[in-house]
Amino acid sequence: MSSMQSLSWSPLVGHEGWPPNIKPSPGDFIASTSAQLTFFFIAGAAVVIFALPWAIKAAVRSKNYTPLLVIGSGLLCSQLEPMLDMLGHLHWAKNLVPAFTNFGITVPALIPLCYVAFLGLESYFCYFVIRNGAHVQHFIMMLGLGIVTDALMETIGINLRVYEYYGVQPYKFLNFPYWWGFINGASFVTVGAILAYAVPRLKGAHKLWLLLAAPTGMMFAYFGVGWVHILAHNSTLPVAVRWVATTIMMAMMVGWMFVLHHLVGRPQSLPAPHWTFWRIFAYGKVTPTRAVRMAMWQKMCEEGGVRPGDGIATNPEDPSQALVVGPTIVASGASSVSRRHEASV
């Protein structure tokens with residue numbers, strides 16, 4: 001015991017070394033080849049295969065490089081995985097094909113495309129909803145969609161024995177701890193909010209800054225909001241207290257949706273498309289043709305009371321019709337300090 005510890009009576013001071021609840025990697029289990037291949041496609045490869053031609057087409061035909069940059073941002077964000085594995089207490093099967101090692105953890109090759117699918121493409125859909133006018137309930141719906149899609153993907157991977165969460169993991173169902181769904185789902189919406197603010201403001205080569213959207217947004221959700229849980233999760237606090245901290249963090253993630261709405265959302269006093277949870281899921285996941293999506297959009301606008309002149313896009317998939325959301329800094333000497341929602345009035 002160090003001299004510092006021997007002189008302290010504080011319950012916050014303990015043994016130095018590895019955090020008390022972390023078990024060094026790797027796990028002591030293996031995953032079958034079929035399990036690895038199945039999870040590789042479920043976790044993101046299949047989505048990326050279908051999305052990449054769309055992103056390339058947007059760049060070539062419309063000079064819209066945002067989809068490709070968002071895909072690159074998700075890929076860059078995958079570098080954060082080993083840190084989150086360590087702090088969240090995750091072990092991979094020991095026989096997976098490796099991609100890179102950091103924080104003493106080897107991340108498998110199936111993970112980078114998972115980040116492209118979720119922190120890239122799912123975040124892009126959140127950006128799509130926000131840029132076309134989203135009320136606060138729509139932010140909460142996007143959080144819910146993130147929780148559901150993350151839980152579905154991870155429950156499959158966990159039960160295929162590709163990886164596991166060890167130790168105390170509150171709110172676990174079918175081996176998936178749902179606190180992860182809240183912190184990951186909030187990450188998707190946060191990245192979408194960053195994109196909604198940044199995309200219309202960045203021009204030319206400055207759009208390369210969008211590559212930082214996913215890692216920045218994810219780290220803000222994890223450490224700007226999720227710190228309550230992460231600190232308790234890696235402490236010597238009693239298990240009951242750690243459950244309380246997890247619960248507080250999950251509630252804070254819901255509260256964070258209100259903050260994001262305040263920053264980049266559509267004011268509640270103005271009409272917006274009438275999204276429902278099913279429509280948010282269906283539009284982004286299962287609508288097969290553009291005609292079906294446009295019919296759904298028209299119906300949502302009608303139900304939401306949107307009229308010509310309200311600033312809402314007639315074609316939501318046209319980036320040039322997107323709302324300019326978020327605070328706008330006005331030049332020195334102007335009469336106001338900031339303006340919000342330039343295109344929404």
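Trainee: How many residues of the lining of the largest pocket are nonpolar, how many are polar and how many are charged?

Mentor: Keep one thing in mind as you look: this is a predicted model. Now the count. The lining of the largest pocket divides into 24 nonpolar, 7 polar and 8 charged residues. That pocket holds about 1400 Å³ of space. Its lining has 39 residues, and the closest to the pocket's centre are Ala51, Trp54, Leu121, Tyr283 and Gly284. Find those five in the structure before you go on.

Helix 2 (33-62), helix 5, helix 6 and helix 11 (277-285) each supply at least two residues of the pocket lining. Helix 2 has the largest share, with 12 residues.

The largest cavity has a volume of about 240 Å³. It is lined by 21 residues, and Glu81, Cys114, Tyr115, Glu154 and Asn184 are the closest to its centre. By class, 16 residues of this lining are nonpolar, 1 is polar and 4 are charged.

Helix 4 (81-88), helix 5 (111-131), helix 6 (136-159), helix 7 (178-198) and helix 8 (213-225) each give at least two residues to its lining. So do two strands, strand 1 (90-92) and strand 4 (163-165). Helix 5 gives the most, with 5 residues.

The second largest cavity holds about 30 Å³. Its lining is Leu84, Leu87, Gly88, Trp179, Trp180, Tyr222 and Ile230. Helix 4 and helix 7 are the elements that give two or more of these residues. The largest share, 3 residues, comes from helix 4. Sorted by class, the lining has 6 nonpolar residues, 1 polar residue and no charged residues.

Stay a moment with Cys114, one of the residues closest to the centre of the largest cavity. Cys114 lies in helix 5. It is buried, with a relative accessible area of 8%. Setting aside neighbours within four places in sequence, Cys114 is in contact with Ala43, Gly44 and Met153. Look also at Val48. Cys114 and Val48 are 66 residues apart in sequence, but their C-alpha atoms are 8.7 Å apart in space.

A search of the whole structure finds 0 disulfides. The cut-off here is 2.5 Å between sulfur atoms. Cys126 can be treated in a like manner. Its closest cysteine sulfur is in Cys77, at 14 Å, and therefore too far for a bond. Cys126 is buried as well, at 3% relative accessibility.

Move on to helix 6, which supplies residues to the lining of the largest pocket and to that of the largest cavity. His138 has its place in this helix. Is His138 buried or exposed? At 2% relative accessibility it counts as buried, because the limit for buried is under 20%. Not counting residues up to four places away in sequence, His138 touches Gly133, Pro273, Trp275 and Ile280.

Finish with a pair of strands. Strand 2 (residues 98-102) and strand 3 (residues 105-108) run antiparallel and are joined by 4 bridges. Phe100 stands opposite Val107 in strand 3. Asn102 stands opposite Ile105 in strand 3. The two strands form a hairpin with 2 residues between them. In that turn, Phe103 has a positive phi of about 55°.

In the largest cavity, helix 5 gives the most to the lining.

How values were computed:
Residues numbered from 1 in each chain as written. Predicted model: local features only at pLDDT ≥ 70, side-chain atom pairs only at ≥ 80, totals over all residues. Heavy atoms only, no water. Buried < 20%, exposed > 50% of the residue type's maximum accessible area, 1.4 Å probe, protein only. 1 Å grid on protein atoms, 1.4 Å probe; cavity = no way out; pocket = protein on both sides within 12 Å on 5 of 7 lines; lining within 4 Å. Points joined across faces, edges and corners; volume = space filled by probe spheres on them. Nonpolar A, V, L, I, M, F, W, Y, C, P; charged D, E, K, R; others polar. Pairing = 2+ DSSP bridges. Contact = heavy atoms within 4.5 Å.
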